[in-house]
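Please look through the structure below before reading on, and keep it open beside the text.

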Amino acid sequence: MYYKSLGKTELENELNKLKSRYNSFKEREISLDMSRGKPGPTQLDVASDVFNAKTNNIIYKAENGFDCRNYGVLDGIPEAKRLFAEILGVDDSLIIVGGNSSLNMMFDTVAQGMSHGFGSEPWSKQGSVKFLCPAPGYDRHFSICEYFGIEMITVPNTADGPDMDIIEELVKDPAVKGMWCVPKYSNPTGTTYSDETVRRIAALKPAANDFRVFWDNAYVVHELYEDGDTLLNIYEECLKHGNENLVIQFTSTSKISFPGAGIAAQAAGPDDIAKIKKRLSIQTIGYDKMNQIRHAAIFKTLNDVNEHMKKFAEILRPKFEVVLKLFEKEFGGLDIASWTKPKGGYFISLDLPEGCAKRTHTLCKEAGLVLTGAGATFPYGKDPKDSNLRIAPSYPDVKELELAAELLTICAKIAVIEKVLAE
Ligand SMILES: Cc1ncc(COP(=O)(O)O)c(C=O)c1O
């Protein structure tokens, strides 16, 4: 690390220069937010235009003649099921189209495991329940585990996905009932699981036959570049190993149409789909089919979705690039930070030297920049090294991001120098 090669006086000089840059940011009283992966207003306007242009007349007849204005249809209208089947690479019969949130479907599915189980006793009646949590990962997955009192076991996320040597060992414990995965443009690392990782997950033979992989494919079509990452079809791989009920997949149009006002879906093996439908038949008379038909009228095929996502990529790409450019400019050659350069999704993951993430977060906050809480990307909100920060560049505009990224790099450098001086 460059700062370690400097003497005390040189370090103090460097720190003073950074602090004066920091103070001039503070004086500007900025208010910026790079904390949550939300689409920006321009993106939402593009989505609104698409919907406005095509849904002037309220469409309500599904292709099988069903009147979407009325009660009924538990697992989704055929055209919405077909769309998600194509997106997730499974047969229509294995799809359930839900409401406005895939996270909601994940929560309900974990709840079902706890209260009724997946083929065995309810998880909650089997003693301790553990989930494997590749980290850094999605904070809301971890919150679901905490809510149900499920013990989380942190597994390192590598550039190829979760460390499979560790996973294969851990699933030998029959108390391990689940594993979270964000396989494409992962939240927050932006990485996509390699073919080998997907194959090894599909081939798992856990000690618990009611173990399930929660395959949250939230960023399945969210490319920033034409030459995006490709993800192997997990369900096809599972079939090769007689594991048709191993994986439960989730996705939604939250970042295709509107977060909180899109449509969500899950896919699973035939036995699990039957169990989930049974539960749903108690839980609801049917989800919002008017929204399903609106979406299916606009996105008839995966190709329609991909074409639409290219418009979003035009908006998002410059946002990612301005942050990455600033990181390169400010951190380049210092050997104090590493960061991911995703080809899609909503996040960049920044790793700083041990013990520097929280301090950087605090400095940013005091100067008006909100970041996702340091530690939030780890189970129980505790990053064992206190080194990871999740950067969400989607919401602010490019000019704001330029400021935010510069401020972040200044704060990170201050935190690192303070640490070196303290040592
Ligand atoms: C990995 C991941 N899964 C799920 C969600 C939420 O999806 P939904 O809006 O469908 O509930 C998000 C939102 O940021 C996410 O990053």
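A crossing of two helices is called left-handed if the near helix is turned anticlockwise from the far one by less than a right angle, and right-handed if it is turned clockwise. With that in mind, the crossing of helices H3 and H10 in this predicted model is left-handed, whereas H12 passes H13 in a right-handed crossing.

**The crossing of H3 and H10**

- Helix H3, which covers residues 78-88, and helix H10, which covers residues 289-298, have axes that come within 8 Å and cross at roughly 60 degrees.
- On the H3 side the contact is made by Glu79, Ala80 and Leu83, and on the H10 side by Gln292, His295 and Ala296.
- Sorted by class, the residues of this contact between H3 and H10 are three nonpolar, two polar and one charged.

**The crossing of H12 and H13**

- Helix H12 (residues 357-366) packs with helix H13 (residues 398-422) at an angle of about 135 degrees, and their axes are 8 Å apart.
- H12 is therefore oblique to H13.
- H12 brings Arg359, Thr360, Leu363 and Cys364 to the contact, while H13 brings Leu407, Leu408, Cys411, Ala412, Ile414, Ala415 and Glu418.
- The contact of H12 with H13 has eight nonpolar residues, one polar residue and two charged residues.

**The two domains**

- The protein chain is divided into domain 1, made of the segments 2-44 and 306-422, and domain 2, which spans 61-300.
- The C-alpha centres of domain 1 and domain 2 lie 31 Å apart, and the contact takes 27 residues from domain 1 and 27 residues from domain 2.
- On the side of domain 1 that touches domain 2, the elements that give two or more residues are helix H11 (302-331), strand S11 (348-351) and strand S13 (388-391).
- H11 supplies the largest share of that side of domain 1, namely seven residues.
- By class, the side of domain 1 that touches domain 2 holds 14 nonpolar, nine polar and four charged residues.

**The surroundings of the ligand**

- Which of the 13 residues around the ligand come nearest? They are Ser101, Ser102, Leu103, Ser252 and Ser254.
- The shell around the ligand has six nonpolar and six polar residues, together with one charged residue.

**Backbone details in the loops**

- Most residues other than glycine have a negative phi, and most peptide bonds are trans, which gives a background for the next points.
- Ala135 and Pro136 are joined by a cis peptide bond, whose omega is about 5 degrees, and Pro136 is found in the loop between strand S3 (130-135) and helix H5 (139-148).
- The peptide bond from Asn187 to Pro188 is cis as well, with omega near 10 degrees, and Pro188 has its place in the loop between strand S6 (176-181) and helix H7 (195-202).
- Tyr185, a residue other than glycine, has a positive phi near 45 degrees, and Tyr185 is placed in the loop between S6 and H7.

How values were computed
Residues are numbered from 1 along each chain as its sequence is written. This is a predicted model: local features need pLDDT of at least 70, side-chain atom pairs count only at pLDDT 80 or more; totals for chains, interfaces and linings use all residues. A residue is near a molecule or strand if its C-beta atom, placed from the backbone, lies within 6 Å of it. Ala, Val, Leu, Ile, Met, Phe, Trp, Tyr, Cys and Pro count as nonpolar, Asp, Glu, Lys and Arg as charged, and the others, Gly among them, as polar. Domain bounds come from an automatic or database domain assignment. Two residues are in contact if their C-beta atoms, placed from the backbone, lie within 7 Å. Helices (H or I, at least four residues) and strands (E, at least two) are DSSP runs, numbered from the N terminus. Axes are lines fitted to C-alpha atoms, for helices over the stretch in contact, and angles run from 0 to 180 degrees between N-to-C directions. Angles under 35 degrees count as roughly parallel, over 145 as roughly antiparallel, 65 to 115 as roughly perpendicular and the rest as oblique.
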